[in-house]
Amino acid sequence: MRIVDALGATLAGLSVIAAATAYGQAGTPSQYGATTAAVVDDKGNMRVPADYRTSYQMLGTWAVAADGKPGSKEMHVVYATPGTIAAYRKDGHFPDGTVLVKEVFKTATKPMTTGTVSSADTLAGWFIMVKDDVGRFPENKLWGDGWGWAWFDAADPKKTTSTDYKKDCQACHIPAKASDWIYTHGYPPLK
Ligand code: HEC
């Protein structure tokens with residue numbers, strides 16, 4: 001009898017925890033599961049995930065050539081939430097809740113034993129995109145066309161300086177519209 005009581009209490013406790021997980025602080029339903037909820041609050045405000053370098057998957061890098069001299073002036077390193085690579089390989093889509101992080105580095109370029117080499121130096125900041133298949137935040141100007149979009153200066157990973165993705169981001173991503181606005185050809189693990 002006691003074991004049954006203890007089991008009942010445990011189950012009741014678990015359902016309280018589950019309810020707390022499913023509902024955000026404002027009492028509104030949480031819009032995403034745990035990994036994505038750490039990046040997006042219930043109003044659609046985004047932040048840079050604290051642990052992306054250790055827990056996310058690396059998709060690839062971009063080197064932006066320096067003007068009129070050898071080497072690259074910027075390097076971009078792109079990460080995605082755990083599970084993105086396997087899911088994308090299965091059906092060619094980024095699943096709802098996928099978070100993409102693009103680091104933007106200024107570089108240092110010097111001769112090395114392999115040639116003239118640029119390496120990541122100062123971090124300028126991050127571009128973040130969060131996949132949204134259901135149109136969760138129709139009032140928020142950083143959300144639309146299936147994604148949340150935001151830039152963060154290196155000084156403040158918690159508060160974006162972007163105000164409107166249509167002005168701040170979208171025009172530059174039109175060449176990638178057919179691949180869900182993402183430049184997928186730069187990411188070997190997705191192939
Ligand atoms: C000047 C043009 C330009 C602007 C403005 C721009 N992007 Fe991009 N973005 C690109 C290009 C080109 C790439 C891939 C090549 C690279 O990184 O150099 C890219 C890549 C990305 C990636 C990596 C995933 C991918 O699409 O390959 C993310 C995430 C991203 N951008 C988010 C944003 C967000 C969010 C904004 C607005 C706050 C934004 N971008 C504004 C041109 C731009």
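Reader: What should I know before we start?
Author: Residues are numbered from 1 along each chain as its sequence is written. This is a predicted model, where local features need pLDDT of at least 70, side-chain atom pairs count only at pLDDT 80 or more, and totals for chains, interfaces and linings use all residues.

Reader: Why is glutamate 74 called partly exposed?
Author: A residue is buried if 20 or more other C-beta atoms, placed from the backbone, lie within 10 Å of its own, exposed if 12 or fewer, and partly exposed in between. Glutamate 74 has 17 C-beta neighbours inside 10 Å, so it counts as partly exposed.

Reader: Where is glutamate 74 found, and which residues is it in contact with?
Author: Glutamate 74 is found in strand S2; a strand here is a DSSP run of E with at least two residues, and a helix is a run of H or I with at least four, both numbered from the N terminus. Leaving aside neighbours within four places in sequence, glutamate 74 is in contact with Val64, Val104, Phe105, Lys106 and Thr107. Contact means that the two C-beta atoms, placed from the backbone, lie within 7 Å.

Reader: What makes S2 and S3 a pair?
Author: Two strands pair if DSSP finds at least two bridges between them. S2 and S3 have seven bridges, in the antiparallel sense, so by that rule they pair. Valine 78, for instance, stands opposite lysine 102 in S3.

Reader: How do you know that S5 and S6 pair?
Author: Their antiparallel pairing runs over two bridges, and the rule asks for at least two. Tryptophan 143 stands opposite glycine 148 in S6.

Reader: What makes S1 and S5 edge strands?
Author: The open sheet has six strands in the order S1-S2-S3-S4-S6-S5, with antiparallel pairing. S1 and strand S5 (143-144) each pair on one side only, and these are the edge strands. Further in, S3 and S4 pair over 13 bridges and form a hairpin with two residues between them.

Reader: Which residues come nearest to the ligand?
Author: They are Phe127, Trp149, Cys169, Cys172 and Tyr183, out of 19 residues around the ligand. A residue is near a molecule if its C-beta atom, placed from the backbone, lies within 6 Å of it. The largest share of this shell, four residues, comes from H5.

Reader: How many residues of the shell are nonpolar?
Author: The shell has 14 nonpolar residues, along with three polar and two charged. Ala, Val, Leu, Ile, Met, Phe, Trp, Tyr, Cys and Pro count as nonpolar, Asp, Glu, Lys and Arg as charged, and the others, Gly among them, as polar.
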